[in-house]
Amino acid sequence: MSMENGVSYLPPKPLNFRQLCADVDAMETRRGDRLRWLASHQLDNNALHRLATSIEKAIACGATDPLTSFTLGLVSNGTTDLLSSALVGAAARYGIVVSVIASPFGVTFQAAFDSDSTILAENPDAILLALDYRAFFADYCVSANPTQEVDRAIAEIAEMAKSFMAKSRSSIILQTLQAPPERIFGNFDCRQPGSLAWLCARFNEQLTSEVARAGVLVLDVASLAASIGTSKWYDRSHWFAARLPFCQEAVPLYAEQVARIISSLRGKSRKVLILDLDNTIWGGIVGDDGMDGLRLSQGDAIGEAFLDVQRAALALKRRGVLLAVCSKNNEQIARAAIRDHADMILREEDFAAIQINWNDKASNLEAIAEQLSLGLDSFVFFDDNPMERAQVRSTLPQVCVPELPANPTEYARILMTSGFFEGISFTDEDRIRAEQYTANARRQTLFAKSRDMQGFLRSLEMTAVFTMNGSSGWQRFAQLINKSNQFNLTTRRYTEGEILAMADDPRILRLQVKLFDRFGDNGMICAIICRAEADVWEIDTWVMSCRVLSRQVEVAVLNEIIRNATRAGARGLIGTYKPTDRNELVRNHYARLGFELLASDENETRWHLDVTGYKARPVPIAISAEHQPTASGQTINPPREIPNRLAEVRLTERQGL
Amino acid sequence: VTKDAVLSKLPEIFRDVFDDDSIVLRDSLTARDLKGWDSIANIRLMLSIEQEFGFRFAVGEISELRNLGELVEAIIRHVG
């Protein structure tokens, strides 16, 4: 039985794993990187348990740096003892230190409604409702009132989610239901209203369409159980012996799925897939076999396996993952194959960056990171060659380097089941991201041709669109806040639910900034949260996409913050910079904007700007104060001009928007 | 499967479950003799044995085992 499907990309655990855990326990500080490395292997229940012990020790002595802390409430209608430590171990793989607060056995629905319940008392970051069909329906039932039965179950789960959200700041994770393999009629069960198969299918439909809204995430247990096999998943012997809700060999996989959702919630999903060429996206070695000798055609089993990899990569690109090439090859020959081979699915324009040369791969990956302004920790490097994988893994531990088997048939499955790019939302920005990066390359070309910076910026014909406390766009706003690491002044993370809840507090102001230019729509590129205190506005959060660096967008944003602040009667702005190991870029952000240093210690610097009599600084960006979404919710309509701010910028000739 | 074959695999399972390399197994060993052998550790232990030897204990079987010797006999019954 293949239980490792989904974590088979991880290398096997070191033989002296327990000793290595003990070594970490002896470290004075900063055990995080080592714990993460230990977690990044295939671990069974015992190894996960051992690792969780080390993580708990590290938490106890405050030595988990540089990992991110996260508390997870766990409600289940079964025994969760093995699950808790597995969740802790799996989350460390994604750089997250989880503390699990489990509801006592048997306490499920009560946990949501009693404000003193174990979970609500802790106000965790997220609450996982690990409820299977037994929490809602009886075994072997054929319900007489099937529709009401589903409605009742949906009402129960929705009420729980609602109550948890009202009483805490938590994101809620719900599970789809998988019916057990036992059948009343047999194949007819799927047609008989009221059978478990029928009830679970309707429940899942309503759960995903009606209950799962902002702040609610779904763990698709039905598909996890199906991928393992329901007769293995529902292990009667473990259920009767100890109320273990599913076969315990699957616990590491289940924990991995939960960890992926948490990592995505915290913006730690990867963003870029870097592909090798020879024997990774085509069969053969183009330098030796020539373009015509490559195995890449329909009807050839080997060729079809590689076409499968390319189709999978293209699907990822279409949902917002950037693709890049990193290959040791003669550049001309390899590029010619990408461009001209009749069967290629991926073409040059599908790649946001291409590095084809004889340098070592780690250096090339660093070059790609530079070119895309993205961190190495957002990279997945896909290469058939174990030597190259080992070199990258040891030189650049931040890069995720999946293990690949010798058989290329497995490549696409590993790519699409390993959760590197786990997503919890799909925004308009995701849909067009690849094009935005292509447009960025064109901007760079233009910059190379312009004589001076100001001239270049003017030639971009930029327009910023500001939306203060608007009614839409919050999914992308949350994505920006959780994914931005470099241009992020305070690295405060808020979930979409928390951001939506801010609408109820009149002292909180949320500013969305979108940027258009002659090359296209850059999408929402900046998120600001301000808190108004008496006559001072405190800038709680300022994050910006690194794609729009050095374009004076931050000055335009400051102008807009001050315009709103002074209109509301504020006399000063306070800004805070909290250093992390990722945001050196903005250390002097407030100094550059003319703020004065108020206070400084190792945790933060605080800055003040007097805004009485502030005059908006000129920027080569036209300003529009609100956008008008189209009926489809898309934001690609041309922004409305606000005159007089910038006489030198023309807003005409905005074709294609 | 002989008793020797079972006994050759069992110590490593125990050491893994209890994270203790000093464990030495003997027939008369019971849960009271090992630090940390609580009900949760027992689940992990039985699961590790089931995975290693590729069988499932029958319902009620585990609770009737009185010491390690009887556990070894049960394993041999299943995989023998």
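Which helix of chain A holds R318(A)? R318(A) sits in α14, residues 301–318. Helices are DSSP runs of H or I with at least four residues, strands are E runs of at least two, and both are numbered from the N terminus.

The views show a predicted model, in which local features need pLDDT of at least 70, side-chain atom pairs count only at pLDDT 80 or more, and totals for chains, interfaces and linings use all residues. Residues are numbered from 1 along each chain as its sequence is written, chains are lettered from A and ligands numbered from 1 in the order in which they are written, and side-chain values use heavy atoms, with hydrogens and water left out.

**View 1. R318(A) in helix α14 of chain A.** R318(A) counts as exposed because its relative accessibility is 57%. Exposed means over 50% relative accessible area, buried under 20%, and partly exposed in between (1.4 Å probe, protein chains only). R318(A) touches F426(A) and R431(A), leaving aside residues up to four places away in sequence. Contact means heavy atoms within 4.5 Å. The C-alpha atoms of R318(A) and R431(A) are 6.2 Å apart, although 113 residues separate the two in sequence.

**View 2. The buried residues of helix α1 of chain A.** This helix spans residues 17–25. Its buried residues are F17(A), R18(A), L20(A), C21(A), V24(A) and D25(A). They lie on the same side of α1(A), because they cover an arc of only 160 degrees around the axis. The arc is taken from the directions from the helix axis to the C-beta atoms. Their packing partners are α2 (32–39) and α3 (45–60) of chain A, together with α1 (3–18) of chain B.

**View 3. The interface of chain B and chain A.** The two chains bury about 1500 Å² between them, 49% of it on carbon and sulfur atoms. Buried area is the accessible area (1.4 Å probe) that two parts lose on being put together, summed over both. Chain B gives 16 residues to the contact, and chain A gives 16 residues. Seven salt bridges cross the interface. A salt bridge puts a side-chain nitrogen of Lys or Arg within 4 Å of a carboxyl oxygen of Asp or Glu. D235(A) pairs with R56(B) in a salt bridge, with the closest N and O atoms 2.6 Å apart. On the side of chain B that touches chain A, α1 and α2 (39–53) of chain B are the elements that give two or more residues. α2(B) gives the most, with seven residues. That side holds five nonpolar, two polar and nine charged residues.

**View 4. A network of salt bridges.** The linked residues are R18(A), D25(A), R50(A), K57(A), E12(B), D16(B), D19(B) and D21(B).

**View 5. Salt bridges within chain A.** E256(A) and R260(A) form one, with the closest N and O atoms 2.8 Å apart. Both residues are buried. They are four residues apart in helix α12 (residues 251–265) of chain A, so about one helical turn separates them. K361(A) and D383(A) form another, at 2.9 Å from N to O. K361(A) lies in helix α16 (residues 361–372) and D383(A) in the loop between β9 (379–382) and α17 (386–395) of chain A, so the pair ties together parts 22 residues apart in sequence. K361(A) and D383(A) are both buried.

**View 6. The salt bridge of R66(B) and E70(B).** Their side chains meet at 2.7 Å, N to O. R66(B) is exposed, with a relative accessible area of 64%.

Technical notes: Nonpolar A, V, L, I, M, F, W, Y, C, P; charged D, E, K, R; others polar.
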